[in-house]
Amino acid sequence: MAPSYNAKEEDGHQPGATGHGGAGTMTNKKPDNTAFKQQRLPAWQPILTAGTVLPAFFVIGLIFIPIGFILIVYGLTLLIDYTGVDMSSPCYNCSQSYSWNNTQSCTCSVHFSLDQPFESNVFMYYGLSNFYQNHRRYVKSRDDSQLNGDKTSLQYHICTLNRCSKECEPYRSSDKPIAPCGAIANSLFNDTLELYYIDPNGSRTAIPLVKKGIAWWTDKHVKFRNPSGNNNLTVVFQGTSKPVNWRKPVFELDPLDSDNNGFINEDFIVWMRTAALPTFRKLYCIIQKKPNNMTPTLPRGEYILEVTYNYPVRSFDGRKRMILSTISWMGGKNPFLGIAYITVGSVCFCLGLVLLSIHYRYGKRNNSAEISS
Amino acid sequence: MGSLLSQLGLECGGKDVREKERHLRANDRELNLSYKYADNAIKTSKYNIFTFLPLNLFEQFQRLANAYFLFLLCLQSIPEVSSLPWYTTVVPLVLVLSMTMAKDSSDDMNRHRCDKQVNNRKVEILIGGELQSEKWMDVQVGDIIKLENNQFVTADLLLLSSSEPLNLVYIETAELDGETNLKVKQALTVTGKLEDSIEKLANFNGEVRCEPPNNRLDKFTGTLTLNGETYSLDNERILLRGCTLRNTQWCFGLVVFGGPDTKLMQNCGRTTFKRTSIDRLMNVLVLNIFGFLMIMCLILAIGNGIWEYQEGSKFAAFLPKGVNAPFSAFLTFWSYVIILNTVVPISLYISVEIIRLGNSFYINWDRKMYYPKSDTPAEARTTTLNEELGQIKYIFSDKTGTLTQNIMTFNKCSINGKSYGELLDFSGQRVEINEKTEKVDFSWNNLADPKFCFHDNSLVEEVREGNPEVQAFFRLLALCHTVMPEEKKEGELYYQAQSPDEGALVTAARNFGFVFRSRTPERITVVEMGELVTYELLAVLDFNNVRKRMSVIVRSPEGKLTLYCKGADTIIFERLNPSCSNLTEVTTEHLNEFAGEGLRTLALAYKDIDPEYMEDWKLRHHEANTAMDEREEKLDALYEEIEKGLQLLGSTAVEDKLQDGVPQTIEQLSKADIKIWVLTGDKQETAENIGYSCNMLRDEMNEVFIVSANTAEEVRKELQTARRKMTPDGTEEPTVKKSRSGLFCLLKTETVADEPVNGEYAMVINGHSLAFALEKDMEMELLRTACMCQTVICCRVTPLQKAQVVELVKKYKQAVTLAVGDGANDVSMIKAAHIGVGISGQEGMQAVLSSDYSFAQFRYLQRLLLVHGRWSYLRMCKFLRYFFYKNFTFTFVHFWYGFFCGFSAQTVYDEWFITLYNLVYTALPVLSLSLLDQDVNDWWSFQYPQLYTPGQLNQYFSKRAFVYTVLHSGYSSLVLFFIPWAAMYDTVRDDGKEIVDYQSFALLAQTCLLIAVSIQLGLDTHYWTAVNQFFLWGSLSVYFAVIFTMYSNGMFLTLISSFPFIGTARNSLNQPNVWLTMLLTSILCVLPVVAYRFLRILLWPTINDKVRYKVRQDKVLPPAPRRVQARRTSTRRSGYAFSHAQGYGDLVTSGKFLRRTPKSRPALFSQTDSPLAQTQPQSYRTISEWEEPPLSP
């Protein structure tokens, strides 16, 4: 082993310097003796040893597998595709005879049955696939300030220098400002879904669908606001035109609940929260658990889904679905995550075993090996 | 950021019209001004207040990275293309530009200050018949100026007259060439007559015609026409700017070149900008990354075209059709160029600079590289080369002043068959001499030199008892030399010796009571044991290379004539009187002993001379001396005749003191597999001797090849013989691997493979042979042979050859080279090598000024390389690997997302996250990693120098490592995109609302990414200090703080369009699903890495792993075993202790130098204090090439 020469010089100038003219007065260039400058900061130096790595693998394995099972077990989901691609599909006719400008609505009803009762609150979603709500041009095409109730964006329809809803391209008419403007709003999902339970005796019972409480609180109360000044939305939105694809103006979106109109219509808000992926689902309504009732929210049996078929998706090979789902404490049923956890946990455990055996076989050899020069 | 120095030269000497000849007339400003020669003002600054901004910006945008970001900015201003808001590019770019700008402006301010200071120096100019004090910048060509002692020479002057006899002036040229010894310049006799008469000078109207400005320091041609007569001018008459006037009261000079035309300024600015191999690799990689980026963008653009064609056209009801598919693809291409630009982020360059700067500061701060005796800390003069220090394969070292201290100490002697200097204890055993050993007390001699130490008391006793041989021995040492004494105060003697050996011998004599006090051309005054004795000096038979001896002939006060001679033992022994054969034998034994200890020996002899013979000889000597032809030969014959039949007195042994720790350092470095070549101007014997004493040459080596042939063929033969001896079955043709590298593969490189050798060999080659060997057709032979040897020593090499050797290795070995030296003759080598290290020693500052690193002691080199270099390399590599990993992962996620968003260049992350990712969230943790990390501490680095070898082999960061990094980040990005994708697309929140909206997904993806890269950083960190922890956790906390702030109601309501992510953090991060996904992605990112690393440590541990394991095992450091260096028992005869240069004999006897009364004699060679300390020098880097070796005047 080689001696290092530094021991002698470890701390400066005791022996040599004092004899050398005036050393005591001028040795100021000597660097400071701080742990940082001398790179001697106290530190923890972990290394990957069998003692730390192997237990970690086993622990991860043991934690992940049960989590995975929990994720798989809870939650129920039912999925019904009502696009009407096949001739046999009840909505086939509606899907064929479609155009945006149809004044007559086409309805179709889809029969389905539940093998299991859905307990507690049931959530009803509409799902679209191959629908690029995340396309850059689409995502950009909205005006958040308009949706936040900025009146100026309603009044000035001509693009001025500082206040120009470039965001709303290309849905920006030249005479009247559109409210709400932009491609996202323009393509608002407008199918109506209704659900009926068919009693064993054959009668249809409409299931109450609650359309409130389906949007984020922050969206409903902060991000989206109707233009203020007047409670009468008809007056507020005067001088604006509806989006070209819409059948009703924005202040008539919910004919039943006047508080659910304008920009704060919850269906609208849900739609405006664009999806990240081309296949997505959006909350349509909630089927609330009946209070003081021991019967399940949706008992086992036959159901009919009544669809007012307005929304065209066939042109781009899109699919429309209705999804019913119950929720566990950690969210909706998530089979992927569950399986992933089980898989990763098992792989971890097995890897731990493999590494352990390798360690027993070769570990001794290398650790005792001397460092060759 | 380092290109500033290279820019420095642009300002000096740029002229549109090259003048062919310079013509000027003294005291005729009108005529001289008509030529429009440059005046004496200099300007090294680059900017002024008005030009700073445009010029600096222009320069900065010349840099590829900045220009690229400007281009991105332009792209972003096109709405159809812009996929990211402007601030994602502007914020980093402005930050980088302003940081560089601040640095440039402070640099330039310094230059301004420096220029101003130099330009405002005062000098006396002769204007209108009287001397006026003017600023330097107002000096014009053709002015006559007066310089006084210790002043800097204002401009390049033609020397007119001086205060000294024979119109001599003495100048110090340390600023120009680094040599601190004084040089003599002499004025023409005709101008010398002007003396200091202002009237005569004012009427002087000589006309000078001379060469145009150039950068040759050693050459000047011109003529002076005065009163119709023409005198030729050469370099002897010219004082160059940058020199300092010494020992001359005043002198007058005519300004020939001013300011930018001076040779000093013409020489500046040829500094080449050094880049590290990592830099070069990075350039290549960055270019490849650009190519890669383009491919990714192209794929996505094509994807977009197809999508627009197939889907987009049908989707038109929802997403209005923009443009046709090909044009959309074209726009998308540029959009993706913007989005994916993070593969080469601008912060990479800035971080690299910061890391290098930090590691340079560590070098400056290192107390273990601080030399208290001269109060010099180590200094990293270049801040851009640090990691290269961890990759050195070849070290080229100077000898004198670098390996050795250039201090000679009189250590031992043998007088009349008795050896002195050895210390024996009572039982007769030899005692090891160290610092604590008691020194001989010289207090009886009030003229003794207090710094002299000797340990053997018996010699003093003999001298004081009056032993005639011992006295004669020291008398000889006090008389036979060419040393110049200087007595500033009564009793305070300083010797100025031409070679340090001589100084040591005369000092020894002085301490033993034979004090050489003063000399005139005819006399030498010596204080012999307190008595003043004056000898008449009859002749000095000077030293030269052939004679290898010198003699003096003196007449003692009693009238006795004696010849004293000292010289190489073999030479002296040939000329001894046969009567001393017994003594010769004993002395030879002692000489062998001395030589075995690595001491430099001299034999001393004397001879009494018959006065009559002397008369005759002197006559003939005079004749020979004045002979017109064959003077040398005649003199030699005369010397030969008189130096015969000598009586042997004894021998001296002088130690050429090695610097502290040199053998240990060399041993350590060679353990680190670094090859050390010594390139010295010294003689072969001296060099070999030093080679032995610092353990580079060892007796147990199989063979030491000496190459010293006189013709090219012989050299080739010797080299081949040596090579065949080392590898008898080796191939005749070298294995040359040709490859292309560099940007665009334009650089052709040839690499000569290392050849295996059995056993240890060394090679010593002298300068003459080297000149042949460096020829084009033989350089390969030299390289192969030399590289097989453990040690290579080149002696008698010129500075140019030093550089050539370095270039040779650089060219064919593709290895990183380091040159270390301390003198002006090392400058070329220091500049040629990848890294130049200057030892701030005694030989002036020239080497330090052109070096990249400087410190005071050779031994600090091991710390610089094995600790700082290794760490810097490790850190830089870790940084690069991690940085590329983190950014590639970041970017690849976008790539994958492209397939899910119709290739529309939609970003995965929030735009603010993109802006802040590199600048805020990951900046500090990675900086702390790359500034603080160390695998093992310095102590262990010294214990296992083998830890250094991975750097030499480029193991930590290479193209291979880069590919591994890319694959790794490819995997991570797959995990980071597809796990959230799969986990989210089919699920909902715990309140039934959808979770897979764009904003929540963006938040999830970016949080997963940040956590994964943070964990990866943790895995890469070997040295967890509090700072690392703080920055890592701090950055994560800052991230969460920032997202909660940015996604808050307040921010949204203030700036609706900039913060649309309102509420996302609150609504997303309370979901168990989200956290479970993050956990899964992190585990999946980390797991394979941990398993792989664990397996690698288990199955194929590297040296680092082993040492780290050992460190963990041995918590307590065992005491370092100090090995006592074994005494060599070699019988090799050591070299001759004379400088190889011709002595000062001529000067001593000519009287040129000895011109005043001894009382007021100024220092001839005033080295007592550093002249630099007295006045601030002009600080320019000068001289890039040497035409002539300055060693042999």
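Across the interface of chain A and chain B, 30 residue pairs, both members at pLDDT 80 or more, are found in polar contact, a term that stands for a pair of N or O atoms within 3.5 Å, where within protein one must be able to donate a hydrogen and the other to accept it, and where residues adjacent in sequence count only if both atoms are side-chain atoms. Helix α11 (residues 335-368) of chain A supplies the largest share of the side of chain A that touches chain B, namely 16 residues; helices (H or I, at least four residues) and strands (E, at least two) are DSSP runs, numbered from the N terminus. This is a predicted model, in which local features need pLDDT of at least 70 and side-chain atom pairs count only at pLDDT 80 or more, while totals for chains, interfaces and linings use all residues. Residues are numbered from 1 along each chain as its sequence is written, chains are lettered from A and ligands numbered from 1 in the order in which they are written, and side-chain values use heavy atoms, with hydrogens and water left out.

The same interface can be described by its contacts and area. In contact (heavy atoms within 4.5 Å) are 118 residues of chain A and 122 residues of chain B. Between them the two chains bury about 11,000 Å², 62% of it on carbon and sulfur atoms, where buried area is the accessible area (1.4 Å probe) that two parts lose on being put together, summed over both. The rule for salt bridges (a side-chain nitrogen of Lys or Arg within 4 Å of a carboxyl oxygen of Asp or Glu) finds 3 across this interface. The side chains of Arg273(A) and Asp997(B) form a salt bridge, at 2.7 Å from N to O.

Turning to chain B itself, its fold comprises 41 helices and 36 strands, and buried residues make up 61% of its 1193 residues; buried means under 20% relative accessible area, exposed over 50%, and partly exposed in between (1.4 Å probe, protein chains only). Among its contacts between residues at least 6 apart in sequence, 75% join residues at least 24 apart. The domain assignment, whose bounds come from an automatic or database source, includes domain 2 (282-344) and domain 4 (409-657), and the centres of these two domains, taken over C-alpha atoms, are separated by 88 Å.

An unreviewed UniProt entry carries the annotation "binding site" for Asp398(B), Thr400(B), Asp822(B) and Asp826(B). These residues span 429 residues in sequence, yet no two of their C-alpha atoms are more than 10.5 Å apart, so they gather at one spot. Thr400(B) sits in the loop between β15 (392-397) and β16 (404-415) and counts as buried at 18% relative accessibility, whereas Asp822(B), in the loop between β33 (816-821) and α26 (827-832), is buried at 1%.

Salt bridges also occur inside chain B. Arg475(B) pairs with Glu528(B), the closest N and O atoms being 2.8 Å apart. Because Arg475(B) lies in helix α14 (residues 468-479) and Glu528(B) in strand β21 (residues 523-528), the pair ties together parts that are 53 residues apart in sequence. Arg475(B) is buried at 19% relative accessibility, as is Glu528(B) at 11%. Elsewhere, Arg549(B), Glu574(B), Arg575(B), Glu640(B) and Glu643(B) are linked in a network of salt bridges.

Conventions: UniProt positions are given in the numbering used here, feature names are shortened, and annotations may be inferred rather than shown by experiment.
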